[in-house]
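Welcome, and please open your viewer. We will go from one selection to the next, with a short note on what is there.

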2 protein chains.
Amino acid sequence: MADVAKLAGVSKMTVSHVMNGHHHVRAETRAKVEAAMAAVDYRPNSTARALRRGRTGVIGLAVSNIHMPYTAELARGVSDVLQQYGYRVAIEETRGRSESETEAWLRSPLSYDGLLISTSSLHRVPPGTLPQGYPVVVLGESMDDLSVDHVGIANKAGLALATRHLLGLGRTRVAFVGGSLGEETDMQVSRTRGYAQALRHAGVAFDPALVLPTMSDAPGGHAAAAQVLAAGADGAVCVTDSVALGLMRGLADRGCRVPDQVPVVGFDDIELSQFASPTLTTVRPDKDELVATAVAMLVERMGGFDGPGRLRVVQCELIPRESTAL
Amino acid sequence: MADVAKLAGVSKMTVSHVMNGHHHVRAETRAKVEAAMAAVDYRPNSTARALRRGRTGVIGLAVSNIHMPYTAELARGVSDVLQQYGYRVAIEETRGRSESETEAWLRSPLSYDGLLISTSSLHRVPPGTLPQGYPVVVLGESMDDLSVDHVGIANKAGLALATRHLLGLGRTRVAFVGGSLGEETDMQVSRTRGYAQALRHAGVAFDPALVLPTMSDAPGGHAAAAQVLAAGADGAVCVTDSVALGLMRGLADRGCRVPDQVPVVGFDDIELSQFASPTLTTVRPDKDELVATAVAMLVERMGGFDGPGRLRVVQCELIPRESTAL
DNA sequence: TTGAAAGCGCTAACAG
DNA sequence: CTGTTAGCGCTTTCAA
C-alpha cells in the first residue's frame, strides 16, 4: 500500500479511501491511485484489514460430515441466506475430531464474525466453553449450555409420524434402522424415542430386536437388510434417507419387494429420494425455516443482542411416495 | 493479552511464550500465566496472529456447487489429506457468481495460505489475474493461464469409455444426456467430445439430435427422459451420475425398461450409484490420485516452489453394473 | 529465562 | 478533498 501511495504521489490514506470507494475523492486523484494499484498489482491484505476493522464479513459453518446430502443442502441454504445479509460463508468439516467439537472450533485459526454449528451428535459442552459475546447458533441436537441459541428439528415427532404411517398401513412389526438406545441425546437417540413413542401410543409392543443400529449412510442401510428380514419385520423406518435408500436396495437383493412385503420410510427428503425406484416416502423437515431462523438469530447476535439462549424447533411433514404405497 | 500479562505479573511476551509452548519458561511462571489466562477467559486473536506470522494454516477450497456428490467427496478427500500436512481446510461455494470466479476468490476476506479451485466450467482467466506467488492449484477444467498448476480428469477418454461400452453392446443410437456443443471448454463440452470421438472411432454417425443438454442434476436427467425416447435412442450416456439416476427414473416413469430397452451409463461413481435399482454403470475417475496430486502440488507451492504451471491428468475406469447388464 | 522495542498492513478519527 | 496520528493484537529480534 505504501508502494501504491508513493507511486501515485499521495498518502496511504488516500489509497485506502479509493479502495473503499469513499466518494469524496477527486476523480483525478482516484485515477492516479487506480493506475498505481494496477501497476504494482496491488492486493489488499485482508488479514490486516480484518484486524483493524474488527470483523471479517465471513461466518463459519461447522458440520460434522459434508458428505451427507442433508449437510450439503444445509450449507447451500445458509450460504444463500447469509449472502443477502452481506456475509460470506466458509464451511469446515469437523469429522467428530474431538470429544468436544465446539472446543476445536473455537480454536480455529480463521476469524469468523459468527459461527453456525451443526453436528448430529453434539456431546456435552462444558458450560463456559463458549466465549462471551461470540455469536454462535447451534443447529440440530441441543447442548447443555443454554446460553447458546439453538434451532432444532422435531426429530421425535418426525419419526413418530413415519412410524404411525406404517402402523396405519396395518404393519405391526416395524423395524427402526439406524436407531440407538443410548443415553446421550443425539439425533439417532431422539429419533429412536419418536419411534418408541409412536408404538406406545398405538398400543404396539416395543421389541428391542427391531431397533437396528447401523452407520447412518447407504452402505449401513444396505447391510442392515439381512437383519431386518431376520427380525421378521413387516415395515421399516430409517434414521435417514441415505440409510433407507441403501436398505431398499439390500431388501431387493434378497428378493424382498418394497413396498408390498416391507414398506420403507426415510428422513430428510434428500433430492435423490424422489428419483429412486421405488420413490422414497420420507419425513421432510422444514429446511427453509431452519435456515432462516438460525441465520436470523445469528445476525441478531452479531448485531449485539446479548440475551439468554433461545430455542426454536422446526416441524416435519410426511411425504408419502411409492415406497409405502400399498 | 495485556490483561493476562498484568494479572500474572509478567510481560506480554511471556504470555506469548507460554501460549506457543516455548519450553524455556520456568514451570512456576507458566503456571501463573495459565491461571491468569483461565481467569480472564483469554482467547487468542487469530487475526492478529496471522497478520504477524504471515500465515494462517488454512487453505481454501473453492467449489462451484457443494450440492454435487462429486464435490462433497472431493472436499472430504482434500480435508483428510491436508490434515496430514497440518493444514485445515475451509470450503467456500462460488455458485458461478461472477464471470471470473477466480477473481472473486482472490478478493476473499479470508486469508488462506493456499487455494484449491474446483469448478466445472472455469471460463477464461485473464493471464495475470492470479497474483505472483500465491499458491493455487486448479482441479477440473483447464485454464488459459498456464502459470498455474492444474490437475484434471480425463473427461474425454472417460466418456469415450462409456460410449464404447454401449456401442459394444450393439447399440447404435446412443444419446448423450447433459451434453453441450459449446466453444468454451468446460466439463460438459469435454465429455461431449469424448462421446463424439468414440462414435467416430466406431464408425457410427454423430447425430446432434442425440445430444441432449440438461441441468447437471437428477431433475435434469429426469426431465430428459422424454427427449431420449423421442429421439429414438437405444442407449444413453450421461454427463454425471446424478443425471443418470434421474434419467433412469424418468425412463421407468414412461414404461421404458433399463437396461433392456435403454442401457444407461453415468460418470463420477457417487456412492448412491451402487444402491440404485438398477445399480448404475459408471465411469470412475481416480479420485484418490486427483486429491493426492493436487495437494502435493499445493504443498510444494506453499513451500516456495515457483516453477511454471504443471499439468497432470488422472485416468478413469469403467465400472459395469446392472444398468448395462444385458 | 524474561522483556523492551518495533512493526505486520490496514483504517477510524480526526485535522487541515 | 487529502493527510497525520495512532493504534488493532500479536510475535520477531535481540538485549538484559
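Start by selecting Val177(B), which stands opposite Cys238(B) in E8(B). Now show their strands: E6 (residues 174–177) and E8 (residues 235–238) of chain B pair in the parallel sense over 4 bridges. Strands here are DSSP E runs of at least two residues and helices are H or I runs of at least four, numbered from the N terminus; two strands pair if DSSP finds at least two bridges between them.

A word on the model: it is predicted, with local features needing pLDDT of at least 70 and side-chain atom pairs pLDDT 80 or more, while totals for chains, interfaces and linings use all residues. Residues are numbered from 1 along each chain as its sequence is written, chains are lettered from A and ligands numbered from 1 in the order written, and side-chain values use heavy atoms, without hydrogens or water.

Next, pick DNA strand D.

Zoom in on Thr14(A): a side-chain N or O atom is 2.5 Å from a phosphate oxygen of DNA strand D. At Arg26(A), a backbone N or O atom lies 2.8 Å from a phosphate oxygen of DNA strand D. Finish at Arg52(B), where a polar side-chain atom lies 2.9 Å from a base oxygen of DNA strand D.

Terms used:
A polar contact is a pair of N or O atoms within 3.5 Å; within protein, one must be able to donate a hydrogen and the other to accept it, and residues adjacent in sequence count only if both atoms are side-chain atoms.
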